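Here's a quick briefing to read with the model open in your viewer.

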Amino acid sequence: MSTPTRRVTIKDVAAAAGVSKGAVSIAFNHKPGLSEATRERIFAVAREMGWAPNSSARNLSNRRTDTIGLAICRPARLLGLEPFYMEFISGIESVLSERSCSLLLRLVSSLDEEVALQEMWWRERQVGGSVLVDFHQDDPRIEPLTRLGLPAVAVGHPDLTGGFPSVWTDDATAVAEAVRYLAALGHRRIARVGGPAGLGHSGIRKRAFEETSAGLGLDPGLQVTTGFSGEEGARATRSLLLHPERPTAVVYDNDIMAVAGLGVAAEMGIRVPDELSLLAWDDSQLCRLTHPTLSAMSHDVHGFGADVARVLFDVIAGRPVTPHPLSTPSLTPRASTAPPR
């Protein structure tokens, strides 16, 4: 008759990691008092031994679940097709899984709805903190969520995010690089298909596009603001290609719109890149599956999400946090860009 396997306890984890039971508790409750190296060693030992704290007991002591909130104001259908958010969320999850935590994801129809949702999450102790995304100019979430005392990390430039600790990408520098690259190829009429005008990062990209084009002495660039879906990207591209001063190059704010733009060019008999160069943004797998393959402004979206999650855990633990940009998106040239003919 076989002997039942003994259940691993917190005492076993502490002994294997060479720390006290209290240190294990501090690590899994994300409280200050441990070095990051010690905290990671405890997590690694716990994973190896197959141990996790009892969530019911922990919730009774903390009165808070180990859950991070993320609300996104996008239609569900669009979110499922958006490569950026799928990669971003996978990056967050990679850090949460190390800490036996969960992501509470909700889609909302307005920023006011998000404020009410975040207030409910915090007051009912459903989350330990939240990731805030898609900031607008004079964003209406800042004041009520600051007053609430919600631990949060803002994904956006500090000019947009109030006093929340923020992590962002340098969109202005990336747009300038994209325009300079296309100008160096010889393009004089460069257009941009951007996201909704109200979004803060869309405004930053729009201004950078205008300033860089003017600084290079290019023809005034056409800019179309639209949603992030393929249908809207196709519609915007069609309007640009029917313009009397048709652009010879187009920069898009995401990959889905760029792929749709490639389809519109084929539909209208416009050869890419001989007659039209296209440049996508984010550089998801989509850019490498098209024919021709799409040039893109590339950045590590998975790493971006992971970094945001780590910063949020620092905020929750009361550790000092310095707002910082992630690495600037960089140009990856492929077959969709070439000198105009």
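Predicted model: local features only at pLDDT ≥ 70, side-chain atom pairs only at ≥ 80, totals over all residues.

**The cavity**
- The structure has 1 cavity of 30 Å³ or more, and the largest cavity comes in at a volume of about 30 Å³.
- Its lining is made up of Val175, Val179, Arg192, Phe209, Val251, Asp253 and Trp281.

**Helices α9 and α10**
- Helix α9 covers residues 171-184 and helix α10 covers residues 200-215; they pack at an angle of about 40°, with axes 8 Å apart.
- That angle makes α9 oblique to α10, and the crossing of the two is right-handed.
- On the α9 side, the contact is made by Asp171, Ala172, Val175, Ala176, Val179 and Arg180.
- On the α10 side, the contact uses His201, Ile204, Arg205, Ala208, Phe209, Thr212 and Ser213.
- Sorted by class, this contact has 7 nonpolar, 3 polar and 3 charged residues.
- Some of these names turn up in the cavity too: Val175, Val179 and Phe209 belong to the helix contact and also line the largest cavity.

**The largest pocket**
- The largest pocket holds about 440 Å³ of space.
- It is lined by 27 residues, and the closest to its centre are Phe84, Thr169, Asp171, His201 and Arg205.
- The elements giving two or more residues to this lining are α6 (83-98), α9, α10 and β9 (277-282).
- By class, the pocket lining has 13 nonpolar, 6 polar and 8 charged residues.
- There's a link back to the helix pair here: Asp171, His201 and Arg205 are among the residues closest to the pocket centre, and they also take part in the contact of α9 with α10.

- Val272 and Pro273 are joined by a cis peptide bond with omega of about 10°, and Pro273 sits in the loop between α12 (255-267) and β9.
- Another cis peptide bond runs from His291 to Pro292, with omega near -5°; Pro292 is in the loop between α13 (286-289) and β10 (295-298).
- Asp138 isn't a glycine, yet it has a positive phi of about 50°.
- You'll find Asp138 in the loop between β3 (129-132) and α8 (142-148).

Notes: Residues numbered from 1 in each chain as written. Heavy atoms only, no water. Axes fitted to C-alpha atoms, helices over the stretch in contact; angles between N-to-C directions. Helix = DSSP H or I, 4+ residues; strand = E, 2+ residues; numbered from the N terminus. Parallel < 35°, antiparallel > 145°, perpendicular 65-115°, else oblique. Left-handed = near helix turned anticlockwise from the far one by under 90°. Contact = heavy atoms within 4.5 Å. Nonpolar A, V, L, I, M, F, W, Y, C, P; charged D, E, K, R; others polar. 1 Å grid on protein atoms, 1.4 Å probe; cavity = no way out; pocket = protein on both sides within 12 Å on 5 of 7 lines; lining within 4 Å. Points joined across faces, edges and corners; volume = space filled by probe spheres on them.
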